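Have a look first, then read on.

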Amino acid sequence: MSDSAVTRTTSAARAATIVAFVVLVAAAAAPWWAGRADMRLMSELYLYLSLACLWNLMAGYAGLVSVGQQAFVGFGGYMLFALTIFGGLHPIAAIVLAGLLAACLSVPIASLIFRLKGAYFAIGTWVVAEVFRLSFAQISALGGGSGSSLPVSVVKSLAASRSGRESLTYWLALGAAIAVILSVYLFLRSRKGLALTAIRDSELAASGLGIDIWRAKLEVYVVTSALTAIIGGLIFLQKLRISPDAAFSVNDWTAFVIFIVVIGGIGTLEGPIIGTLIFFALRETLADFGTIYLMILGLVAIVIMLTTPKGVWGLIRDRLDLELFPLAYRVQLDETRK
Amino acid sequence: MSVLLSVTGLSKSFGAVVVADDTNFDVRTGEAVGILGPNGAGKTSLFHLITGALWPDTGRIEFAGRDITTMSAARRCNEGIARSFQVPQPFGGMTVFENALVGATHGAGLRGLAAETHALAVLNDTGLLSKSNIRAGSLTLLERKRLEMARALAARPRLLLLDEIAGGLTDAECEMLIETIKRVHAGGTTIIWIEHVVHALLAVVQRLIVIDFGKKIAEGDPRTIMESREIKDIYLGMDPHA
């Protein structure tokens with residue numbers, strides 16, 4: 001017993017770190033090897049990956065099944081426009097400030113919607129998002145219902161040349177995805193993450209073991225809302241145009257994100273990454289089929305939910321006992337060491 | 001000895017169903033108290049009320065001299081109350097070790113190596129050490145019950161509430177469980193134990209409380225209580241020496 005030791009690294013995780021490093025170096029060098037369209041696509045992938053990781057932390061771990069995170073995507077986008085156009089801020093400063101403002105805003109929203117449970121909570125978040133959409137549609141200075149474009153002077157303040165801007169927004173998207181995945185990983189590895197994983201599995205037992213559930217959920221909600229707003233700012237920095245319907249789209253910023261997380265494997269760190277790859281593979285191959293594409297996505301989601309409720313990653317993990325992000329504690333007992 | 005837990009005029013009902021009806025009792029520091037009563041008498045509800053999983057309609061609960069009646073479940077655990085659940089509530093996606101670590105980290109407030117060492121120690125005490133790396137969701141019912149106790153012990157409680165953990169054990173396993181609980185009790189932990197396996201209960205507790213329809217109907221020395229008319233009325237045909 002005294003010889004038992006606890007470790008958290010696995011050989012699979014070490015291998016995954018090396019692979020991830022190689023992929024990251026290749027991804028960071030994309031402006032030198034990839035075309036303009038490919039870079040746009042990859043940026044979009046990174047931003048979806050970030051949204052999926054954040055939604056997974058909130059829904060898959062903290063049990064906050066929100067269908068209203070488009071509120072913060074849109075808020076981040078609109079703050080980028082408002083703070084650069086009226087505040088004269090640099091776009092990157094505006095996006096960071098948008099995150100802080102979203103954090104402040106999420107506290108009163110949480111105090112309202114946390115009173116709701118389960119399906120009522122989900123509907124509540126959607127209502128909040130609709131309130132956001134309708135409110136921003138009233139602001140005529142930002143184009144009201146038809147929206148507005150980012151002025152050329154603001155766009156030029158990023159970088160003088162077009163290729164310079166494209167490289168910069170690409171790196172920002174890549175950096176955001178890395179930052180989001182790393183912070184979610186480090187959070188889940190901490191003692192707060194241990195508490196959150198316990199909450200995921202049984203709120204009754206977690207509260208009985210000294211975990212303040214309300215506080216843990218609030219912290220997750222505030223942090224994910226702030227980061228979601230930052231990602232929203234980056235999304236509309238790529239698009240250069242914003243309108244209430246695009247900014248607060250439940251389809252684009254929530255339905256697709258839920259699809260990604262659910263087919264990848266909710267409540268795991270690897271799930272959203274695999275889900276994002278599957279989603280983009282499907283989207284790119286089915287893009288020519290028009291609306292049939294959405295029906296096929298729905299069909300894939302239903303089949304995966306019925307056959308493997310833990311998602312593609314759940315299936316792989318159970319078969320191979322793999323863990324790419326070393327979160328689990330492994331106890332090495334005396335017997336196994338001898 | 002000083003009073004550790006004091007329950008005064010505690011009542012709770014769900015519509016017409018009364019789970020606690022003006023319940024009063026004290027538990028002294030270092031005592032081991034057994035709770036008996038037929039199914040549906042309100043024993044588990046009493047634990048819910050003491051731990052904060054349920055809040056009473058009226059009444060007052062004091063722990064170590066502090067009023068904890070409106071305190072959250074998490075705070076009560078930090079104050080030193082931990083429980084096992086009658087229907088096990090394992091953290092199914094986490095390993096057995098991680099389950100214990102949650103208690104050691106968030107219940108007992110330990111960190112790092114101290115938390116890990118303590119979690120390993122309680123798993124060793126409860127015979128679960130060899131299952132450390134298994135997902136709690138794949139444990140058998142009996143192992144889950146043991147995990148309930150391990151997790152509660154990991155929180156280093158001053159007051160441990162055990163809810164029917166001896167049912168379904170073999171004689172040898174039951175003896176081991178009794179030894180474990182006696183050891184915990186000897187270590188200074190106050191215990192309240194709900195149990196239908198009466199011989200196990202009588203091997204540990206110094207006092208019995210009998211509950212029926214949410215009301216305390218008898219309280220006192222275990223042997224006297226087991227011979228009393230109230231118990232015979234409730235447990236018709238039940239042999240305390242079985």
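Q: Leaving aside neighbours within four places in sequence, which residues is A:L116 in contact with?
A: This is a predicted model, where local features need pLDDT of at least 70, side-chain atom pairs count only at pLDDT 80 or more, and totals for chains, interfaces and linings use all residues. Residues are numbered from 1 along each chain as its sequence is written, and side-chain values use heavy atoms, with hydrogens and water left out. Contact means heavy atoms within 4.5 Å. With neighbours within four places set aside, the partners of A:L116 are A:F121 and A:G124.

Q: Is A:L116 buried or exposed, or in between?
A: A:L116 sits in the loop between α5 (91-113) and α6 (118-137) of chain A, helices being DSSP runs of H or I with at least four residues, numbered from the N terminus. Buried means under 20% relative accessible area and exposed over 50%, with partly exposed in between (1.4 Å probe, protein chains only). A:L116 comes out at 34%, so the label is partly exposed.

Q: How far apart are the C-alpha atoms of A:L116 and A:Y61?
A: Along the chain, these two are 55 residues apart.

Q: Which element gives the largest share of the lining of the largest cavity?
A: A cavity is a set of points on a 1 Å grid over the protein atoms alone where a 1.4 Å probe fits but cannot get out, and lining residues have an atom within 4 Å of a point. Among the lining residues here are A:L51, A:W55 and A:W253. Three residues, the largest share, come from α3(A).

Definitions and conventions
Chains are lettered from A and ligands numbered from 1 in the order in which they are written. On a 1 Å grid over the protein atoms alone, a cavity is a set of points where a 1.4 Å probe fits but cannot get out, and a pocket is an open set with protein on both sides within 12 Å along at least five of seven lines; lining residues have an atom within 4 Å of a point. Helices (H or I, at least four residues) and strands (E, at least two) are DSSP runs, numbered from the N terminus.
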